[in-house]
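Colleague: Please take me through this model, beginning with the conventions behind it.

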Amino acid sequence: MVKKPRNLQQMTACRLCGHHKDQLILSGLKTDRDETYNLRRCRRCSFVTLHPLPDENILSKYYHSNYWQNNQEQRSRVLNFFLSLRVKPIIKELKALIPRKGNVLDWGTGDGFLVKLLNDNGLTAFGIDLYASASDDKTIFRTAIHNTPFPDNYFHAITGFHVLEHLRQPLESIRSALRLLKPKGIFIIEVPNIDSLQYRLFRSRWQPLEIPFHLNHFSPNSLQYNLSDNFNLKILKISYFSQRVSPSAFLLSIFPFFTPKIMRSKKGVYPTPIKLCYLLGQLVVYPFVLTEAALKRGAIMRLYLRKDE
């Protein structure tokens, strides 16, 4: 018998646009706790939601205290080097858009790796994450976006890499983030693209679905529709490729046992031979992920936006 999660909130309207008509697009998505969920798409704005929506009591069982496991300590110097290479093009673009030594907030900072890179590159960076790794780092705050210690109009830029898909009320959270952003400040959002070729290929096996962590799934149309309808933001650029995520998303959709969290939970470490296979596998799938990005159907989309005055 299929076990259905308790304490579920039934969707009565789209959480973004309020429309009451939707369409079932995927059913029978099971978690490792044998709970079953579906994905439903709003017929007006194309926003896709996990359904039924788990409440905080359910999610707290998944977001345990070692969710991030302090990845900086566990990654080798070689992996940290390759990860920094993948992120540096974004930092270069950001530095060209904001003042020198500008204030940057990394929203959803996780283990704080990006904050460290931003500070090492001459910016003044801070990070917030409700489930951040335990740390004595004074630049990292374990809090939600609506409860930060920063004043309004404080940041020249805010980054939100893979945070919107986790939020129960993403538009309200964006509104809180924009209060912290200076007029003409830069807002960078990166999320999985459910209109991608990867999703069409893998469907329920697509790694970025990450049931039940990801409550929300966006397409370019749904994200642009809801941003333009609710906020005074100008889209500067849209990218459909992430050096850090696109190749790994493809590879882990085929071979989920390569997932670092799964491997560490079983063996306590991420064995070097498997680590090398994981890196080589990502190189093998690069041609596909570059092709889908060129077709604007990449697995990951990143929006560069400017807050109008």
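Predicted model: local features only at pLDDT ≥ 70, side-chain atom pairs only at ≥ 80, totals over all residues.

Modeller: Residues are numbered from 1 along each chain as its sequence is written, and side-chain values use heavy atoms, with hydrogens and water left out.

Colleague: How far apart are the end C-alpha atoms of helix α10?

Modeller: Helices are DSSP runs of H or I with at least four residues, strands are runs of E with at least two, and both are numbered from the N terminus. The expected span of a helix is 1.5 Å times one less than its number of residues. For the 23 residues of α10 (residues 272-294) this gives 33 Å, and the distance between the end C-alpha atoms agrees, at 33 Å.

Colleague: At which residue does α10 bend?

Modeller: The bend at a residue is the angle between axes fitted to the seven residues ending there and the seven starting there. In α10 this angle is about 50°, and proline 287 follows within four residues of the bend. The residue in question is valine 285.

Colleague: Is glutamate 93 buried, partly exposed or exposed?

Modeller: Buried means under 20% relative accessible area, exposed over 50%, and partly exposed in between (1.4 Å probe, protein chains only). The value for glutamate 93 is 28%. Glutamate 93 is therefore partly exposed.

Colleague: How many residues apart in sequence are the parts tied together by glutamate 93 and lysine 237?

Modeller: A salt bridge is a side-chain nitrogen of Lys or Arg within 4 Å of a carboxyl oxygen of Asp or Glu. Glutamate 93 and lysine 237 form such a pair, at 2.4 Å from N to O. Glutamate 93 lies in helix α3 (residues 77-97) and lysine 237 in strand β12 (residues 233-239), so the parts they tie together are separated in sequence by 144 residues.

Colleague: Which residues are linked with Asp195 in a network of salt bridges?

Modeller: Aspartate 195 is partly exposed, at 25% relative accessible area. Its side chain meets that of arginine 200 in a salt bridge, at 3.3 Å from N to O. The network links Asp195 with Arg200 and Arg297.

Colleague: What is the area of the nonpolar surface patch made by Phe81, Phe82 and Leu85?

Modeller: Patches are made of residues with over 30% relative accessible area and no salt bridge, like charges being joined within 9 Å and nonpolar side chains (Val, Leu, Ile, Met, Phe, Trp, Tyr) within 5 Å. Accessible areas come from the Shrake-Rupley method with a 1.4 Å probe, and for residues only the protein chains shown count as cover. Phenylalanine 81, placed in helix α3, has a relative accessible area of 47%. The patch comes to about 290 Å².
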